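Keep the sequence and the 3D view open while you read.

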Amino acid sequence: RGVVAFYPSCGPAGSDPAIPALVLTGGIENWGRAVDCEYWMQRRRVRGAPVQIEVYPEAYHAFDNPSLRIATRTFGGRWIKYDPDATARSHGAMRDFLAAQLK
């Protein structure tokens with residue numbers, strides 16, 4: 001009935017999602033950039049199922065992984081880091097979204 005995507009790559013996403021979606025991503029995410037998700041939203045504004053995007057401006061990729069309390073450079077020079085505020089906010093948004101979709 002719905003799908004939740006944490007820090008996805010929206011570039012290859014289709015224009016007509018079949019089910020409602022919630023995208024949760026970091027503003028300084030450098031794997032699947034928030035700007036790509038925002039552009040995807042503009043392209044499909046009136047087509048397909050509704051999509052909601054929540055961007056956490058100061059969050060990196062893997063912001064909901066508590067084992068990454070210190071920023072870590074990974075392959076390709078990309079950064080990942082846990083963000084407790086973004087985690088709490090994204091988990092709340094996910095619970096609200098799923099409750100609405102599954103009622």
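**Exercise 1. A residue in a loop**

In which loop is the place of Ala62?

Solution. Bear in mind from the start that this is a predicted model.
- Step 1: Go to Ala62, which sits in the loop between β3 and β4 (72-73).
- Step 2: Turn to its backbone. Phi of Ala62 is near 65°, a positive value in a residue that is not glycine.
- Step 3: Check its burial. Buried means under 20% relative accessible area. Ala62 has 8% relative accessibility, so Ala62 counts as buried.
- Step 4: Tyr7 belongs to the loop between β1 and β2. Although Tyr7 is not a glycine, its phi is positive, about 35°. With a relative accessible area of 18%, Tyr7 is buried.

**Exercise 2. The whole protein**

Find out how many helices and strands the protein has, and in what order they come.

Solution. 
- Step 1: Count the elements: there are two helices and five strands.
- Step 2: Follow the chain from the N terminus, and the elements run β-β-α-β-β-β-α.
- Step 3: Look at burial and contacts. Buried residues account for 35% of the 103 residues. Of the contacts between residues at least 6 apart in sequence, 59% join residues at least 24 apart.

**Exercise 3. The sheet**

Describe the open sheet of three strands: what is the strand order, and is the pairing parallel or antiparallel?

Solution. 
- Step 1: Recall the general rule that strands of a sheet pair through backbone hydrogen bonds, either parallel or antiparallel.
- Step 2: Read across the open sheet: the order is β1-β2-β3, and the pairing is parallel.
- Step 3: Pick out the edges. They are β1 (3-6) and β3, each of which pairs on one side only.
- Step 4: From one strand to the next, the twist averages 15°.
- Step 5: Zoom in on β1 and β2, which are joined by four bridges. Val3 stands opposite Ala21 in β2.

**Exercise 4. One face of a helix**

Why do the buried residues of α1 line one face of the helix?

Solution. 
- Step 1: List the residues. In helix α1 (residues 34-43), the buried ones are Ala34, Cys37 and Trp40.
- Step 2: Look down the axis of α1. Its buried residues fall within an arc of 120°, so they line one face.
- Step 3: Connect this with helix geometry. An α-helix has 3.6 residues a turn, so residues three or four places apart point the same way.
- Step 4: Find their partners: the buried residues of α1 pack against β2 (21-26) and β3 (51-56).

**Exercise 5. The nonpolar cores**

Which residues have the most contacts inside the largest nonpolar core?

Solution. 
- Step 1: The largest core has 13 residues, and Tyr56 and Phe63 have the most contacts inside it.
- Step 2: See who contributes. β2 and α2 each supply at least two residues of this core, and the largest share, three residues, comes from α2.
- Step 3: A second, separate core has seven residues, including Cys10, Ala21, Trp40 and Val51.
- Step 4: Follow the contacts of Tyr56. Leaving aside neighbours within four places in sequence, its partners include Leu24, Thr25, Phe63 and Ser90.

**Exercise 6. Buried or partly exposed?**

Compare Thr25, Ser90 and Asp85: is each one buried or partly exposed?

Solution. 
- Step 1: Thr25 lies in strand β2. Its relative accessible area is 0%, so Thr25 is buried. Beyond four places in sequence, Thr25 touches residues including Tyr7, Ala34, Tyr56 and Phe63.
- Step 2: Ser90 is part of helix α2. With 0% relative accessibility, Ser90 is buried. Setting aside residues up to four places away in sequence, Ser90 touches Phe6, Leu24, Tyr56 and Phe63.
- Step 3: Asp85 lies in helix α2 (residues 84-102). At a relative accessible area of 46%, Asp85 is partly exposed.

Terms used:
Residues numbered from 1 in each chain as written. Predicted model: local features only at pLDDT ≥ 70, side-chain atom pairs only at ≥ 80, totals over all residues. Heavy atoms only, no water. Buried < 20%, exposed > 50% of the residue type's maximum accessible area, 1.4 Å probe, protein only. Arc of directions from axis to C-beta. Contact = heavy atoms within 4.5 Å. Pairing = 2+ DSSP bridges. Axes fitted to C-alpha atoms, helices over the stretch in contact; angles between N-to-C directions. Core = buried A, V, L, I, M, F, W, Y, C linked by side-chain atoms within 4.5 Å.
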